[in-house]
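Trainee: I have a structure to go through with you. Can we take it one question at a time?

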Amino acid sequence: MFGVNLFISAFTFGGGYIVVPMVRRYFVQKKRCFTEEELMSMAAIAQSSPGAIAINLSALAGYQVAGLGGVLVSCVAAILPPLLILGAVSAFYRVFIANAVVAAVLKGMEAGVAALMVDLIVDMCAMIVKEKSAFLTAMIPVAFLANFVFQIGAVYILLACCLLCIARAVWKRRGVQ
Amino acid sequence: MSAILRLFWTFLKIGLFSIGGGYAIIPLIREQVVANSGWISSKMFTDIITISQMTPGPLAVNTSTFVGLQVGGIAGAVAATVGCVLCGIVICLLLHRFFQRHQSSIYVFEVLNGLKSASLGLIVSAAATIVLTALWGAQPVPISDAFSLLNGTALAIFSVALLVLRRWKPNPMLVMLASGVAGLLLYS
């Protein structure tokens, strides 16, 4: 698990979200440590907690597989690559920024990351749509628009979502009684 | 020692308040490490953001490592980085256990399902920024010039990668490596 997390973390170019497809590949599809459904809950929790989603998700994956020891192992593994790479880079960062070869590779990877994100989103949206709940399906574009177009902070969106869901649960219960 | 403790404390705060992650927390980090403490210059902070985009790892973690190194050497880097991720990990685990224990509660069930959808919406938002940056660059582009300013090479790598992903479900790391090699061949 240390190796896997080390590997995953070394490839999280362009923001932490890329860990979601990576974790999915190793823990869900290859090792079958948990299901796709569980991964979605974990991603939601990792995002609703403070801090980087990449680190939080690694911690949760570690916990799910091997308890608290797993958390420690996967967190160290998740932090190590950025620590080492940045340590090396910060020593001669001006040279690094100006390097054309580095820039070309990174520009290529940027497009690869974009494709990976779209691939992940298609699959995750399909899972939510499959539940056939208009409320949950509508939540995706609403949260997207609120954040992307109206620039509302993630905290407020997640909070509003919680309140809405609690209100819905109350309303549903009343309906039953 | 006190410099190390201050690093730890400052990044603990940054970690605690950086909900949602990504670039929304840049102003918060800047305020703490440039304005309040004077640990690094404004120019250096901009450089860190550039480096963060070029190297793996989340922005907050990269910044903490970099600032920690500058201020307190290796011990500083470790203190700042651990401080930065600690709150997130603890809260995240507590939430996870809470949701697992109370799975049968209708409130918990509804909230967790809602959070799944909302956080997917936020992921879509982050992805939209990534796609736009990959195809058009980091600067905003006017709609009228959208076609002429589109980066054809990036679009080609993006489309091929997406096609391969949908068709064969390869290892994401292979896709990253292949697109890096493609970038090296096509851009230089």
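Trainee: How many cavities of 30 Å³ or more does the structure hold?

Mentor: Keep in mind that this is a predicted model. With the cut-off set at 30 Å³ or more, the number of cavities is three.

Trainee: How much space lies in the largest cavity, and which helix gives the largest share of its lining?

Mentor: The space in the largest cavity is about 110 Å³. Two elements give two or more residues to its lining: helix H2 (19-30) and helix H6 (100-130), both of chain A. Four residues make up the largest share, and they come from H2(A).

Trainee: Which helix gives the largest share of the lining of the second largest cavity?

Mentor: About 70 Å³ of space lies in this second largest cavity. Helix H3 (36-48) and H6 of chain A each supply at least two residues of its lining, as does helix H5 (106-136) of chain B. The largest share is three residues, from H5(B).

Trainee: What classes of residue make up the lining of the second largest cavity?

Mentor: From chain A, the lining of the second largest cavity takes A:Glu37, A:Met40, A:Met127, A:Ile128, A:Glu131 and A:Leu136. From chain B come B:Asn113, B:Lys116 and B:Ser117. By class, that lining has four nonpolar, two polar and three charged residues.

Trainee: Is B:Thr10 buried or exposed?

Mentor: B:Thr10 sits in helix H1 (residues 2-17) of chain B. Its relative accessibility is 7%. The cut-off is under 20%, so B:Thr10 counts as buried.

Trainee: Where in chain B is confidence lowest?

Mentor: The mean pLDDT of chain B is 84, and 91% of its residues reach 70 or more. Confidence there is highest in helix H6 (residues 152-168), at a mean of 94. Where pLDDT is low, predicted coordinates should not be read in detail. In chain B, the lowest mean is 72, in helix H3 (residues 42-54).

Trainee: What ipTM does the predictor give the complex?

Mentor: Two scores are given for the complex. The pTM is 0.78, and the ipTM is 0.79.

Terms used: Residues are numbered from 1 along each chain as its sequence is written. Chains are lettered from A and ligands numbered from 1 in the order in which they are written. This is a predicted model: local features need pLDDT of at least 70, side-chain atom pairs count only at pLDDT 80 or more; totals for chains, interfaces and linings use all residues. Side-chain values use heavy atoms; hydrogens and water are left out. On a 1 Å grid over the protein atoms alone, a cavity is a set of points where a 1.4 Å probe fits but cannot get out, and a pocket is an open set with protein on both sides within 12 Å along at least five of seven lines; lining residues have an atom within 4 Å of a point. Grid points are joined across faces, edges and corners, and a volume is the space filled by probe spheres set on the points. Ala, Val, Leu, Ile, Met, Phe, Trp, Tyr, Cys and Pro count as nonpolar, Asp, Glu, Lys and Arg as charged, and the others, Gly among them, as polar. Buried means under 20% relative accessible area, exposed over 50%, partly exposed in between (1.4 Å probe, protein chains only). pLDDT is the predictor's confidence in each residue, from 0 to 100.
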